[in-house]
Amino acid sequence: MTWLDIDYDPDLWVEIPSQWTISAGEEWFGSDDRTTEEWATEIAQYCWEESHEKNYTAGEVQLLSQTLLECVQRYATMYPGSEVLLYLPNPKMVPLPVWITHVPAEGDVEQALRELTLADDSGAVEPPIAQKVSTEALGEGLRVLRYNTLDDSNELVVGLRYAWRSEEHGRDVVLITGSPAPGQVMSAVDAIAELTHVIRLCHDDD
C-alpha cells in the first residue's frame, strides 16, 4: 500500500485529522475520538499560545475555533481522500486550504500532469502559467497558476496546482489550492513551494 508522508512545519500549517477527510465508505481505524468542536477549540488555543501575540483574548480564541470548525465542514470532503492542510502562519489570518492526494498513474506523463493541473483550461481568464518544478522526493513535476471566474458570478478565483508522477509507486501526486481572494494565495506561494519539498510517497514497509 502507498501512502503520503508530509513533514510540514506546524508553525505554518494545521492538518485536518484524517477521520474527517477519508473517502466515502472508507473506514477510519485511528484512535482520535475528539469531536470537530473539541479539535477546533484545542487547535485555536494552541495557535494563539504559540503566536507572538501575547495579549490575545478569549473572544479571539473562540473566533479562530469557529473558523477552524467551518474549515472542517467546508473543506474536509471537498476532495475526498485528500490530506487537508490549512495555511495559518498567524491566528488572525483566514486559513487557506491545501489538498494533497495521489491517484493511479495512467497514460502519458506530460499529458496526465497537464490534465491534473488544468494547464490547458479553456475557461481560464488568461492562459494558465505552467512551469516545471522538481523536488528530491517526487522528482520532476508541473506547477500551474491560473485565474478563472465562478460559473454563477464574475468573481475572480486564483488556483494553484502541482502534480508529479512516481513511477516507483505507479501514482500521480496532486496538490491543489485556490481562493476568491487572490492575495491569500499569492501570500502563501513561497510556503507552498517549500511544502512541496517535504511531500513523499511511502510503502507500508518504509
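E49 is partly exposed, with a relative accessible area of 45%, where partly exposed lies between buried (under 20% relative accessible area) and exposed (over 50%), judged with a 1.4 Å probe and protein chains only. This is a predicted model, in which local features need pLDDT of at least 70 and side-chain atom pairs count only at pLDDT 80 or more, while totals for chains, interfaces and linings use all residues. Residues are numbered from 1 along each chain as its sequence is written, and side-chain values use heavy atoms, with hydrogens and water left out.

**Negative surface patch**

- E49 sits in helix α1, helices being DSSP runs of H or I with at least four residues and strands being runs of E with at least two, numbered from the N terminus.
- Together with D7, D9, D11, E50, D190 and E194, E49 forms a negative surface patch; α1 (36-50) and α5 (189-196) are the elements that give two or more residues to this patch.
- Such a patch is made of residues with over 30% relative accessible area and no salt bridge, like charges being joined within 9 Å, with Asp and Glu counted as negative and the place of a charge taken as CG of Asp or CD of Glu.

**Strand β3 and its partners**

- Strand β3 (residues 83-87) is largely enclosed by the rest of the structure, because four of its five residues are buried.
- Strand β2 (residues 13-16) pairs with β3 in the antiparallel sense over four bridges, pairing being assigned if DSSP finds at least two bridges between two strands; in this arrangement E15 stands opposite L85 of β3.
- Strand β4 (residues 96-104) also pairs with β3 in the antiparallel sense, over five bridges, and W99 in β4 is the bridge partner of V84.

**Salt bridges**

- The structure holds six salt bridges, each defined as a side-chain nitrogen of Lys or Arg within 4 Å of a carboxyl oxygen of Asp or Glu.
- One of them joins E53 to K92, with the closest N and O atoms 3.7 Å apart; the pair links distant parts of the chain, 39 residues apart, with E53 in the loop between α1 and α2 (58-75) and K92 in the loop between β3 and β4.
- E53 is partly exposed at 32% relative accessible area, whereas K92 is exposed at 53%.
- R114 and D120 meet through their side chains in a salt bridge of 2.7 Å, N to O, and R114 counts as partly exposed at 23% relative accessibility.
- R165 and D172 likewise form a side-chain salt bridge (2.7 Å, N to O), and both R165 and D172 are buried.

Notes. Patch = residues over 30% accessible without salt bridge, like charges linked within 9 Å, V, L, I, M, F, W, Y side chains within 5 Å. Areas by Shrake-Rupley, 256 points an atom, 1.4 Å probe, with all protein chains shown as cover.
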